[in-house]
Amino acid sequence: MTFHDAAAREFPPYSTDACVKCNVCTTVCPVARVTDAFPGPKYVGPQAERFRGPDVGDASPDRTVDLCSGCGICTRACPHGVLIAETNNRARAAIVADRGSSFRNRLISDTDLMIRAGTPLAPLANFGLQNRMARWMGEKVLGVHRRGPLAKFSRTTFGSWWRRRGGLTALPSDAEPSKTIVYFHGCAVNGFEPDLGRDAVAILERNGFTVVVPRQECCGLPFISNGLYETARRKAGRNLSSLAAFARAGSRIVGTSTSCTHALKAEYREMLDLSDADATAVADATWDICELLVDLHDRGQLDVGFAPIVEPLPYHPPCQLKSHGIGTPAMDLFGLVPGLRAIDSDHDCCGAAGTYGLKVERWQIAQDVGAPLFAKVRASGAARAACDSETCRWQIESSTGVPTVHPITILAESYRRADAAREEPWRRIV
Amino acid sequence: MRPSQSARQSVPRADVVVIGAGLAGLSCAAELAEAGASVFVAAKGLATTHWTHGGLDVAAPAAARTSRDGIARLARTDGHPYSRLARDADAAVSRHLVRVGAAGLDHAGSLATALAPFPTAIGALRRAAIVPLAQAAALEPWRVTGLVLVGIRGFPDAWPEYAARNLENAAWPDGPSGIRAVEVAVPGVERLRNVGSQDLARLFDDPAWRGRALAAIAAALPPGDWRVGMPAVLGVEHHAAAHADAEAAFGRRVFEVPSLPPSVPGMRLFDALRRRILASAGRVQIGFDVVSVEREGRHVIAIHTEAASRTLRLAANAFVLATGGIAGAGIRALPDGGLVERVFGLPVVGPEQASWFSDDPLMPHPLEAAGIEVDEQLAPAGLENVRVIGSALAGMRYLDERCGDGVALASAHRAARSLGAPRAVAA
Amino acid sequence: MSARAEVDVVVVGGGATGAGALRDLAMRGLRALLVERGDFTSGTSGRYHGLLHSGARYVESDPVSARHCAEENAVLRHIAPATIEPTGGYFVATPDDPDDYLDRFPAACVAAGIEVESMPLDDLFRAEPLLSREIRAAYRVPDASLEPWELVDANLASAREYGADAWRYHEVIGFERSSGGAVVAVRVRDLHGGDQRTVACRAVVSAAGAWAGKVAALAGAQLEMRPGKGSMLILNRRLTTAVVNRLAPPGDGDILVPVHTVCILGTTDITVPDPDDVHVTRDEVEALLADGERLVPGISGARVLRAYAGSRPLYDAGELDRTAGHDESREISRAHHVIDHGDRDGVDGMWSIVGGKLTTYRLMARDVVDAVAAALGVDAPCRTADEPLPAPATGTPYWLGDRLAAHEAEGGGNAELVCECELVTRRRLEHALDERGDSTLDDLRRTTRLGMGPCQGAFCTPRAAALIDARRPGAANAPMRGFLAERYRGTRPIAWGDQLAELWLTAGIYRGTLAVHALRDAALAVGEAERAAS
């Protein structure tokens, strides 16, 4: 790698050259806002970076960078383009390489493993998740906070549902690639929220796409967030092998988790340094589902026959969505549903930050970060809230008691109502 | 990431896209939104609001008596933005004061107010006239009132004893009858590991903490007729209450003394303007960095901002360039002396590289006057639906003349009016 | 302090050689005093790139110097490990570098006693990914990076332990000589108080380096120095982990040295008439970066923090063949010379030690102290290579993360930090002010690294000035303004891109929010008073 201007500044450690030490990033950091233990992104990012050796194997001088939640708001706010959150995450990986990582971190990062273990025993596992004693023990033994927002296991995975349905796992030979979409479901849909996956498929098929669900595994983001880059690279490599051909054939890869899609779009290259042709092809072909639907709408190709859903709907844009840099497409879509009063939370971070909010030593920070959001959601009086990221949904629901769904759950519901009204038009009169 | 292919993805089109979220950009966006236009503010990041002292520097060249007087003097300088914008200043400033006042940030002073000395954190005097209410007591006539400067032990950016000593030597006509300094041990602060201005300000937002802190400070104040100069940390979200509580606790007028960035007064100003824009259905997005521009001849169709693995396309009828100068990275200087405006690539006029700097770092640098040249409508050469506002404009030395905020507001106002009432969304 | 003092030997010059000589004299039982006109290590020792030479750089041009460097490299690692970061070094051949130089290099190293190891290119690029892939050969040598201030301070501390003393801010203004012409006393002026003092002595060692000519002239001796200005650029972060040298005859930007949190690209070599008048020109900056591109392509896009220059204490011992057009500063030998002014100029009792490298300071000191001791009839041996220097120079070798790790171990955070860029705590500065209460901000910078990070003092200057004001009320404005000016001096030649944005932010703070330009105090010059408070 050379040091040429444009390219170099996109490698997070080199981007720190642009820092003018102004501390704007520290003023917007949600974690620094709530805890004195975290010195803020400037300190642990571009400032500490000058004291770090370049090799991941070097002794790491860091400790407080581990409090960074990775929300990325600092990177958004920096006027000079310092990739602060990305630099922090690399520093965390250096800590892990130097001092190792805990069993707890490895376990909670491994959602695929948890799903394989949990879904066959879903009722029992879910009982454990609800049971106070079990959660208390989980906290003492594992370090997962007893009130950490863990979702309930589904009895059947999305993957097994797709197989039973006879869904496509490869591109049919007569496929028109531009009308074919690869659905990257992610762990949340697979093991905890398969209904969301079903809604996604329904919406995509309704809008004329053939959906393919090829072999895939966890995107690896929890491993990246916890600095476990080696494991993350292995998962990423397998995903890229599976997905690259579709991307090169001209199909889009669509996800319902802004975290998974961000990993595919950006973090495989920025954090794991996977920059080969496969990684680039997949990144270019990856879309968030709301991003896709808005794009369709822009071209006049979206089915806009949405039936009314008359309710207030607090919507929280997740931090990962902000990192996508695509605005809030969900809000644009909500505008197409008659009667729906969607309100952007205008709050920085819910606090969950993936696995961060589960950890016994971070749970309170996560709750404090999200507190103003939770207050807004409760005060809205709404029956439910919406958010594009699973861990955020579980955090909001856990901390407010208000059921929180993905935006497309609302859209799918609106489509279904429209269908029902068409099939039984006399019902509308009643 | 640098995308290998651009993808088209757009939000509902806006009438106007404002690029940059400093005082100029936010003010222009607010005015347009208040007039009913759909406005989208796209900013790479937050900058100058969070670096400056939070007062309104409209015009304070050397011999000016009031800001209005200052504007008139600067307007006579060839090529100065005020030579064209002077007549917009009144309306621009009063609109701004109404706007931020409605968002809870009232100010004192007007263009007719005499410029008066404001004590700085290091104990020098700078001239000011229009300031947020929390700074107003510094400018009110002193008569026989003294000044107590307060520091908070553990807070690194207030230097009350140093400042008091310097102020004793300052030429302060009709200034305080005496100047004292106290450093107060506020309970809990010395145990903190992080005591930046934003950290303290958030603590002051908490009524319980605030009460204890103000009581400790009050106990340390000397008896007598004093005004109190506090570090500028009196709350962010509950600033008005914090300031009122301080005056009540001390039984005296209190003013904030701004110091090193990050500027809490600047954060309040940013928040106020942003709230106004959102309240008028405008959108403000931070972290939106313009990477390319679509144009047809003299017309800009859309800008593209950097998104993950692609770009986001923002189409609009008009675009306002409010990206600022060198400090805020709107203009970048190259090693060979080239000056690059980073969004539209507009030509930057400025001195030759050999003449950029003065020998003394405390004197104005000729390079400060570099910027973009525009016509009466604030449009740059070659682009008819673009307006350039704020410190990106050529011809002013905003530090020396203390005119940056005034030019920002006046140009924002002129640009908003020049872009007219909301037009139909382009097909 | 009394107006008159008496010692055996006065050492003039508080750089590495002077401090080393003071230590050696004291360890041999002589009563010695060092006088330095500025702060210790403010001359050439404080203005170089921090390289602890392996000697490999001189194996072809100056084998004697090479051998000396190799030997002293090992000695310093033994006596002052904590001032040294064992970065290692590479010599690399780019396509522009001559084959014959490359071919002769390994053997020449061996002949000079320098450990040299051929480096496979794959290994080189893995270790140093930013190096140019056009490099065609590489060797590894024991170069290292050195902290000169700590080294000098440790020598002075050791000297004090042995009964010597050292006065900074005392300028030599003259010598008293006996009727026979011997030096019998040194007259100095205290630059802070203004008082003059006379120090009686039996011998004078001038370790004034590039200024040795001026000092000698005060004693009536003739010594023509050829100060060689060396300009360097400081880059914001380490681009390499090891020192990287070009395998070629010395050029401008042919060495990259990682030092603490930065790396230094150097060095030009231009004869200048006055060692005090050194400023970095744009041409030098361009030449340095152009050369640097050959080592690290794209280096011109890296953030440059500042440019600075020092004056090499070069002495032309008459070796240059000027008739053949050899008059270049680079061609002057780096060997050191002990000059006995008694023999040469009839000024008995005065010696100058000139030339040399900082790496060989101890050897230079030994050689001149040998001469002085012999003349004074003292036959104690030199032990400066055997006895380790006192803490903090002893201990484990320096590593980059040291300061951050120590701060983090105490909980991290910015509450205690005055200079956030370089993690300098208030406690550290208070301690430095306890030791030397008359310090300016620049003096504090030397011992703590205050203001040496990316913001170049933007944030720490007023905080540190307030600390000075607390101890010396009313005396902080001059050091504050002086520091701002000094930081600016180094920024101006490289003011573009990131560092210009930093400078503009700094201007906004000092002329906008704080209005430092409007400070009024007794030290205010007339010109400044005319600038109306605005």
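Chain A and chain B bury about 3400 Å² between them, with 46% of that area on carbon and sulfur atoms, where buried area is the accessible area (1.4 Å probe) that two parts lose on being put together, summed over both. This is a predicted model, in which local features need pLDDT of at least 70 and side-chain atom pairs count only at pLDDT 80 or more, whereas totals for chains, interfaces and linings use all residues. Residues are numbered from 1 along each chain as its sequence is written, chains are lettered from A and ligands numbered from 1 in the order in which they are written, and side-chain values use heavy atoms, with hydrogens and water left out.

The contact between these two chains takes 45 residues from chain A and 44 residues from chain B, contact meaning heavy atoms within 4.5 Å. Across the interface of chain A and chain B there are 3 salt bridges, each defined as a side-chain nitrogen of Lys or Arg within 4 Å of a carboxyl oxygen of Asp or Glu. Asp346(A) and Arg274(B) meet through their side chains in a salt bridge, at 2.3 Å from N to O. The interface of chain A and chain B also holds 15 residue pairs in polar contact, both residues being at pLDDT 80 or more; a polar contact is a pair of N or O atoms within 3.5 Å, where within protein one must be able to donate a hydrogen and the other to accept it, and residues adjacent in sequence count only if both atoms are side-chain atoms.

Several elements give two or more residues to the side of chain A that touches chain B, among them helix H17 (258-270), helix H18 (277-285) and strand E4 (286-288) of chain A; helices (H or I, at least four residues) and strands (E, at least two) are DSSP runs, numbered from the N terminus. H17(A) gives the most to this side, with 5 residues. By class, the side of chain A that touches chain B divides into 17 nonpolar, 13 polar and 15 charged residues, with Ala, Val, Leu, Ile, Met, Phe, Trp, Tyr, Cys and Pro counted as nonpolar, Asp, Glu, Lys and Arg as charged, and the others, Gly among them, as polar.

Chain B also meets chain C, where 53 residues of chain C are in contact with 56 residues of chain B. Chain C and chain B bury about 4700 Å² between them, 60% of it on carbon and sulfur atoms. The count between chain C and chain B is 5 salt bridges, and Arg332(B) forms a salt bridge with Asp498(C), in which the closest N and O atoms are 3.6 Å apart. On the side of chain C that touches chain B, the elements that give two or more residues are helix H13 (460-471), helix H14 (477-491) and helix H15 (497-513) of chain C, and H15(C) supplies the largest share, 14 residues. That side of chain C has 29 nonpolar, 12 polar and 12 charged residues.

Within chain B, Arg414(B) has its place in helix H11 (residues 404-418). Arg414(B) is buried, with a relative accessible area of 5%, buried meaning under 20% relative accessible area, exposed over 50% and partly exposed in between (1.4 Å probe, protein chains only). The side chain of Arg414(B) makes a polar contact with the side chain of Asp88(B) at 2.7 Å, and a polar atom of the Arg414(B) side chain lies 2.5 Å from the backbone oxygen of Glu376(B).
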